[in-house]
Amino acid sequence: MTLSSPVFRAVATCVVPEASRFDAAQWDEMAAIVARAVAARPRVMQRQLALFLILLEWFPLVRYGRRLSRLGPARRTKFLDRLQRSRLLLLRRGFWGVRTLVLMGYYGRPAAAAEIGYRADVRGWEARR
């Protein structure tokens with residue numbers, strides 16, 4: 001299971017709907033940002049993430065008869081919303097971890113920073129004067 005997989009993209013387009021308009025290069029840029037962050041984590045955490053993405057893909061089969069990446073946007077959103085509010089702490093943590101990676105990948109792109117007017121500078125507030 002990779003970060004360019006259909007399940008990661010399915011989650012990403014629910015978390016950040018603007019990502020549905022990405023071209024292949026933008027998806028690659030987002031996946032590279034997330035991959036660098038994941039690579040810095042211990043192997044056990046990397047395996048947990050891969051397993052959680054596999055589970056995310058197949059869990060909806062029980063309720064909807066389709067995998068997550070094959071669900072329409074409304075059902076996908078409903079499923080992920082239920083997951084983020086699950087009584088099981090492990091499921092909530094897993095979803096919020098993936099959600100955090102999606103947001104980091106999306107907003108970590110220079111184009112996204114420019115779109116929202118983010119102008120961080122190592123000089124801090126002095127740079128704005």
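Phe22, Trp27, Tyr106 and Tyr107 come together as one aromatic cluster in this predicted model. Phenylalanine 22 pairs with tryptophan 27 in an edge-to-face arrangement, 5.3 Å centre to centre and with 70° between the planes. Phenylalanine 22 is buried, at a relative accessible area of 11%, and tryptophan 27 is buried too, at 8%; buried means under 20% relative accessible area, exposed over 50% and partly exposed in between, with a 1.4 Å probe and protein chains only.

Phenylalanine 22 also pairs with tyrosine 106, this time stacked, at 5.7 Å centre to centre and 10° between the planes. Phenylalanine 22 sits in the loop between H1 and helix H2 (24-39), and tyrosine 106 in helix H6 (residues 89-107), so this pair ties together parts 84 residues apart in sequence. Tyrosine 106, like phenylalanine 22, is buried. Over the face of tyrosine 106 lies arginine 109, 4.6 Å from the ring centre; for such a placement, NZ of Lys or CZ of Arg must be within 6 Å of the ring centre and within 35 degrees of the ring normal.

A helix crossing comes next. The axes of helix H1 (residues 6-15) and helix H5 (residues 73-84) come within 10 Å and cross at roughly 85°, with axes fitted as lines to C-alpha atoms over the stretch in contact and angles running from 0 to 180 degrees between N-to-C directions. H1 and H5 are therefore roughly perpendicular, a label for angles of 65 to 115 degrees, while those under 35 are roughly parallel, those over 145 roughly antiparallel and the rest oblique. Ala10, Val11, Thr13 and Cys14 of H1 meet Arg76, Thr77 and Leu80 of H5, contact being heavy atoms within 4.5 Å.

Overall, the protein has seven helices and zero strands, defined as DSSP runs numbered from the N terminus (helices H or I, at least four residues; strands E, at least two). Buried residues account for 34% of the 129 residues.

Residues are numbered from 1 along each chain as its sequence is written, and side-chain values use heavy atoms, leaving out hydrogens and water. Local features need pLDDT of at least 70 and side-chain atom pairs count only at pLDDT 80 or more, whereas totals for chains, interfaces and linings use all residues.

Notes. Phe/Tyr/Trp six-rings, centres within 6.5 Å; stacked < 30°, edge-to-face > 60°.
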